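Reader: I have a chain open on screen and want to talk it through. Mind if we go piece by piece?
Author: Go ahead; here is the chain.

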Amino acid sequence: SVDINNGNKLEWVIDLEGRSIIRKESFTLLPGNYTIVYRPYKSTETTDTREKFIIINSGGSSSVSLDY
């Protein structure tokens, strides 16, 4: 999922849809600090859950790669 960091709490924004080893998704996000929470391909263990922190700035675009 993609969550926005509001103070000391996360608010859900959107779920990641891909279920294959190669996936590309495109989102339009407002500027802010975001956390992407995901698991590698075919993982079912909660211990495999990963987080990636990103900052979206106004007037630009960003590309994010997740380790699968």
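Reader: Where does D48 lie?
Author: D48 lies in the loop between β3 and β4; strands here are DSSP runs of E, at least two residues long, numbered from the N terminus. This is a predicted model, where local features need pLDDT of at least 70, side-chain atom pairs count only at pLDDT 80 or more, and totals for chains, interfaces and linings use all residues. Residues are numbered from 1 along each chain as its sequence is written, and side-chain values use heavy atoms, with hydrogens and water left out.

Reader: Is D48 buried, exposed or partly exposed, and which is it by area?
Author: D48 is partly exposed, with a relative accessible area of 33%. Buried means under 20%, exposed over 50%, and partly exposed in between, using a 1.4 Å probe and protein chains only.

Reader: What does D48 touch?
Author: Not counting residues up to four places away in sequence, D48 touches Y38, R39, P40 and S43, where contact means heavy atoms within 4.5 Å. The C-alpha atoms of D48 and Y38 are separated by 8.6 Å, and the two residues are 10 residues apart along the chain.

Reader: And which polar contact joins the side chains of S43 and D48, at what distance?
Author: One of 2.7 Å. A polar contact is a pair of N or O atoms within 3.5 Å; within protein, one must be able to donate a hydrogen and the other to accept it, and residues adjacent in sequence count only if both atoms are side-chain atoms.

Reader: Where is S43, and is it buried or exposed?
Author: S43 is in the loop between β3 (32-38) and β4 (50-56). S43 is buried, at a relative accessible area of 18%.

Reader: Changing topic. Which residues are in the largest nonpolar core?
Author: Nine: V2, I4, L16, Y34, I36, Y38, I54, I56 and L66. β1 (2-6), β3 and β4 each supply at least two residues of this core, and the largest share, three residues, comes from β3. A nonpolar core is a set of buried Ala, Val, Leu, Ile, Met, Phe, Trp, Tyr and Cys residues joined through side-chain atoms within 4.5 Å.

Reader: What is I54 in contact with?
Author: Leaving aside neighbours within four places in sequence, I54 is in contact with G32, N33, Y34, I36 and V64.

Technical notes
Helices (H or I, at least four residues) and strands (E, at least two) are DSSP runs, numbered from the N terminus.
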